[in-house]
Amino acid sequence: MTELVLPDVLRERAVRPGDRRYPLLRSTYTRVAAPALILLPENAAEVAAALEVAHDSGLPLSVRSGGHGLSGRSSNDGGIVLDVSAIDGVEVIDDGARVIRVGAGARWANVAAALAPHGWAISSGDHGNVGVGGLATAGGIGWLARSYGLTIDHIRAVDVVLPDGRLVHADATHDPDLFWAMRGAGDGVGVALAFEIEATPLRAVGFGQVMVEADRDGKTLRRWSEYLAAAPRELTGNAMVFPDGTGFAAQFIAVVAGDDQDRVRDLIAPLAELGVRPLDVAAQLVPYPALVSTGHLHPNTGQQPATTTNALLPTLTDDSARALMDVAAAPGRTLLQLRALGGAINDVAPDATAYTHRHQQVLAVLTQFPPGGGAELDAAAALLTPYADGAYRNFESRPDGVSFEGAFPGATGERVRDLHRRYDPDGLLRRVAATGSAVEPAP
Ligand SMILES: Cc1cc2nc3c(=O)[nH]c(=O)nc-3n(C[C@H](O)[C@H](O)[C@H](O)COP(=O)(O)OP(=O)(O)OC[C@H]3O[C@@H](n4cnc5c(N)ncnc54)[C@H](O)[C@@H]3O)c2cc1C
């Protein structure tokens, strides 16, 4: 391939194969990739220039913030990676309203560490190495999900460079369509540079790990779901269930937003009674940043080539809970993780953001590790199909037309498609998925 000619502003920002930095920049968390060019812009003008280079080259374009995307499409083979990791500032812009401005290239561990001295937190996810840009353009189901809601629910404004190079500061009154799309379907409309997000006052949390023996019929899981759905919203939790000898064990992780020890104990202790019998209970108070720790930070080198999908469930019934146990028992050894939703997530109107799923109580995340792959994962996921009611875009390795319909059903999908076409008429951001095929149905 002839080498691309770069404008002056990007000459110092380019990394190509052979550059000593290339090995640690080429890949994502889930995929070893071989892009022809990685661009590391440091401001809006440089992002616009990078988009123009990508547009004119006709090459595949990947946009990357933290590189933790499960699809691996934040890098590619033979194309261009627009990596905003240098745009990673975290700055308080309104002390009274606790609004901070966060660069899209920051990692959530660094955000949590920067907010801790203020006694504030933003619920993001469960891993400190995840980037701000990929998570805050799609949802953000974090450790405080039931008390705080999704990360996108607290975005007050976002700076976006559109595919035509224009920089837009979008909020509820300035370009509200763009603002709507950026909160749930942002990857298809532009490159996010920075988000203004309202934090919540929080210093410490109660963190509990409870292990119980689980029954094969799913009663343990159903009781867990009922307990979480009825619990005060300061309790957020997830559950993992796996074969244990001849039976099953469930691990419940619980986070209580706040540092009242009695309250933490009162909310976590009942979890031990939800299974066939308790196996272990541990709880402690920890600073919030311990949950999305700077200890998580690492380069992404394709170290986790897992395949992931998910299903949102309105609630757990006897039948759907049994189906979840079928997943856990399936021969393909699919890892099953459940997250409790509801609470503040469901306070938001379904049409307020491009993330429309505001009545479901449970998210089931299914992960297949090598040597298993898509076939084993599909077989396990099919067990949940009768009960699934939507999907979360960010726990999906294969962003195809089917998963698009799950994430953006009905009228939401129509609006997302319209806005993707309006802001990106040439389909620059949809040009290529990790596999080299179109990410979403063509406009
Ligand atoms: C170990 C692990 C734990 C996770 N835990 C959680 C969790 O608890 N809760 C949760 O909600 N999610 C979680 N996720 C999923 C996570 O939200 C997504 O993987 C997210 O896309 C990662 O963000 P990133 O910036 O690191 O991604 P990247 O790989 O950099 O990007 C992923 C995609 O997002 C888009 N994108 C990235 N940056 C921008 C930008 N600046 N502007 C526009 N589009 C952009 C692009 O389409 C890109 O392909 C987890 C993922 C992993 C691997």
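Strand β13 (residues 235-244) and strand β14 (residues 247-257) pair in the antiparallel sense over 10 bridges, where strands are DSSP E runs of at least two residues and helices are H or I runs of at least four, both numbered from the N terminus, and where two strands pair if DSSP finds at least two bridges between them. Within this pairing, P243 has F248 of β14 as its bridge partner. Two residues lie between the strands of the hairpin, in which G245 takes a positive phi near 65°. Strand β13 is also joined by four bridges to strand β17 (residues 335-340), again in the antiparallel sense, and here M240 has Q337 of β17 as its bridge partner.

The model is a predicted one, in which local features need pLDDT of at least 70 and side-chain atom pairs count only at pLDDT 80 or more, whereas totals for chains, interfaces and linings use all residues. Residues are numbered from 1 along each chain as its sequence is written, and side-chain values use heavy atoms, with hydrogens and water left out.

The ligand is surrounded by 31 residues, of which S65, G69, S74, D126 and Y392 are the closest; a residue counts as near if one of its heavy atoms lies within 4 Å.

| Residue | Protein atom | Distance to a ligand oxygen |
|---|---|---|
| S74 | side-chain N or O | 2.7 Å |
| I141 | polar backbone atom | 2.9 Å |
| N394 | side-chain N or O | 2.8 Å |

Taken alone the ligand exposes 950 Å², and the protein buries 94% of that area, as computed by the Shrake-Rupley method with a 1.4 Å probe. Among the contributors to the shell, β3 (61-64), α5 (132-136) and β10 (191-198) each supply at least two residues, and α5 gives the largest share, three residues. By residue class, the shell divides into 12 nonpolar, 14 polar and five charged residues, with Gly counted as polar, Tyr, Cys and Pro as nonpolar, and Asp, Glu, Lys and Arg as charged.

S27 is placed in the loop between α2 (22-25) and β2 (37-39). S27 counts as buried because its relative accessibility is 5%, the cut-off for buried being under 20% with a 1.4 Å probe and protein chains only. A polar atom of the S27 side chain lies 3.3 Å from the backbone nitrogen of A33. Neighbours within four places in sequence aside, S27 is in contact (heavy atoms within 4.5 Å) with V32, A33, R64, N300, T301 and G302.

Definitions and conventions
Buried means under 20% relative accessible area, exposed over 50%, partly exposed in between (1.4 Å probe, protein chains only). A polar contact is a pair of N or O atoms within 3.5 Å; within protein, one must be able to donate a hydrogen and the other to accept it, and residues adjacent in sequence count only if both atoms are side-chain atoms.
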